[in-house]
Amino acid sequence: MLGKQSLVKVITRQIVARKSLPLVIGITVLSTNVNAQGLRVSDGSATELSALSSGEQIVMESRDGAIQFAGHEINLSGFSGIAGYASDVAYLVTITGTAETGGTSAKRGRMFLIPPFGAEPTVERFDAGRLRNAWDDDVKATAPQVYASLDDLAKGQATGVLVGRLGRTGVNVNALGSAKMETARRETIGGAAVQQIRFSPDQANGDLERNIVTRFVSALAAGDEETAAQLLDPLPFGYDGLGDNGGAARLLTARALINERDWEKFSNIAPNKINETRWILETDRDQAVIDLRRTTDFAFIQAIEVGQ
C-alpha cells in the first residue's frame, strides 16, 4: 500500500502545529566556463551567475571564451557586460566586445534576450542610460572601465535619440508586464532552482519534467529546503500572491517533507514516467511516486506517495 503524503495535509499539519527606428530597450533594475563569477549590480558583491534569482544581475569584465548561459553556449570576445534574469527571459548585455551564439552576434550596445525552454535568443538594443543609473557605487568603483564605457555608450545613445536616429520604447526587460505582475511571477518561478531548470538545454523527450523530479528528490535527500520549496506546487500557498506568508508556508512544507523520512535511498534512482504527469522511483524495497501539476510556466510537484 502506498501512503500518500499530501502536500495540502502537510501544510495543514504544519500550520496547526505551530520598430522602424532602432529600438532602445530599457533595463531598470537590473556560466560560465570562462568565469561564473561577477559583481552584483545592486551592491557590488562577488556573486556566482548560477546563484542569481529573477531581478538580479552581475557585471562581467574582459572575458574571452565560451560560457554556458540560460541553456546556450555563448562565445565571448573582449566582452564586458551584464548578465541576469527576469521571470520570463534571461539577458546578456554587451557593453564592450562581442557575444555570439548560433551565428548571431550581440555587439556593443546590444543584448541577447533568451526565452526559457530552449527557445532561440534574439538581439535588441538596450537603453544604456537607464542601465547606467542602476549601478551601485561599489560596482562603479570596482569596475570603473566598464562603467566608463557604459557611460560613453549612454551619451552616444542620448545624442542618437536627440537627432531622431534612435527611438525609445517603454519596454523594460526586467519587468515585461507590470511591476506587480513581475513581483508575483518572481515568487513562483523566479527562484534560482526553477530558473536553472526552465533555462536548461534538456527540454526534449520529457527531459524537462524528469529534471524537475530528479532535482526535487535530490533536494529532499540533501536537506535543501530552499530548492525543494521552489519546486513545490505554489497553488495551495497562494500561487500568484505568495507573499511572505505563502513563501514561509511553502518552506515549512519542504522542511516537513525532508524531516519525514530518509530520502537518501531515492537520490541515485532514475525516475520512470508512469503516465502524463506521474513519475516513479523504485529501489529493491521501496518506491516513491510523484505527481506533477503542469502550468504554462513550469511543472510543479503536486504530491508524493511513498511505500513498499
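Reader: How many salt bridges does the structure hold?

Author: The structure, which is a predicted model, holds 13 salt bridges.

Reader: Start with Glu-56. Which side chain does Glu-56 meet in a salt bridge?

Author: That of Arg-40, with an N to O distance of 3.0 Å.

Reader: Is Arg-40 buried or exposed?

Author: Arg-40 counts as buried, at 16% relative accessibility. Glu-56 is partly exposed, with a relative accessible area of 26%.

Reader: What about Arg-294, which partner does its side chain meet in a salt bridge?

Author: Glu-276, at 3.1 Å from N to O. Glu-276 lies in the loop between strand E12 (272-275) and strand E13 (278-282), while Arg-294 is in strand E14; the two are 18 residues apart. Arg-294 counts as partly exposed, at 38% relative accessibility.

Reader: Which residues do salt bridges with shared partners join into one network?

Author: Arg-132, Asp-151 and Lys-155.

Reader: Stay with Arg-132. Where does it lie?

Author: In helix H2 (residues 128-133). The side chain of Arg-132 also has a polar contact of 3.5 Å with the side chain of Asn-133.

Reader: What is Arg-132 in contact with, leaving aside neighbours within four places in sequence?

Author: Tyr-147, Leu-150, Asp-151 and Ala-154. Among them, Asp-151 is also part of the salt-bridge network.

Reader: Back to E14. How many residues of E14 are buried?

Author: Seven of the eight, so E14 is largely enclosed by the rest of the structure.

Reader: How many bridges join E13 to E14?

Author: Five, and the two strands run antiparallel. In that pairing, Glu-282 has Gln-287 of E14 as its bridge partner. E13 and E14 form a hairpin, with four residues between them.

Reader: And over how many bridges do E14 and E15 pair?

Author: Eight, in the antiparallel sense, with strand E15 covering residues 299-307. E14 and E15 also form a hairpin, again with four residues between them.

Reader: Which residue in E15 is the bridge partner of Leu-292?

Author: Ile-301.

Reader: Where does Ser-62 lie?

Author: In strand E5. Ser-62 is exposed, with a relative accessible area of 53%.

Reader: What is phi of Phe-117 near?

Author: Phi of Phe-117 is near 60 degrees, which is again a positive value in a residue other than glycine. Phe-117 is placed in the loop between strand E9 (110-114) and strand E10 (122-125). At 31% relative accessibility, Phe-117 counts as partly exposed.

Reader: Last one, Gly-71. Where is it found?

Author: In the loop between E5 and strand E6 (72-85). Gly-71 counts as partly exposed, at 29% relative accessibility.

Reader: How many residues apart in sequence are Gly-71 and Pro-201?

Author: They are 130 residues apart in sequence, and in space they are 4.4 Å apart, C-alpha to C-alpha.

Reader: Which residues is Gly-71 in contact with, leaving aside its neighbours within four places in sequence?

Author: Phe-199, Ser-200 and Pro-201.

Methods:
Residues are numbered from 1 along each chain as its sequence is written. This is a predicted model: local features need pLDDT of at least 70, side-chain atom pairs count only at pLDDT 80 or more; totals for chains, interfaces and linings use all residues. Side-chain values use heavy atoms; hydrogens and water are left out. A salt bridge is a side-chain nitrogen of Lys or Arg within 4 Å of a carboxyl oxygen of Asp or Glu. Buried means under 20% relative accessible area, exposed over 50%, partly exposed in between (1.4 Å probe, protein chains only). Two strands pair if DSSP finds at least two bridges between them. Contact means heavy atoms within 4.5 Å. A polar contact is a pair of N or O atoms within 3.5 Å; within protein, one must be able to donate a hydrogen and the other to accept it, and residues adjacent in sequence count only if both atoms are side-chain atoms.
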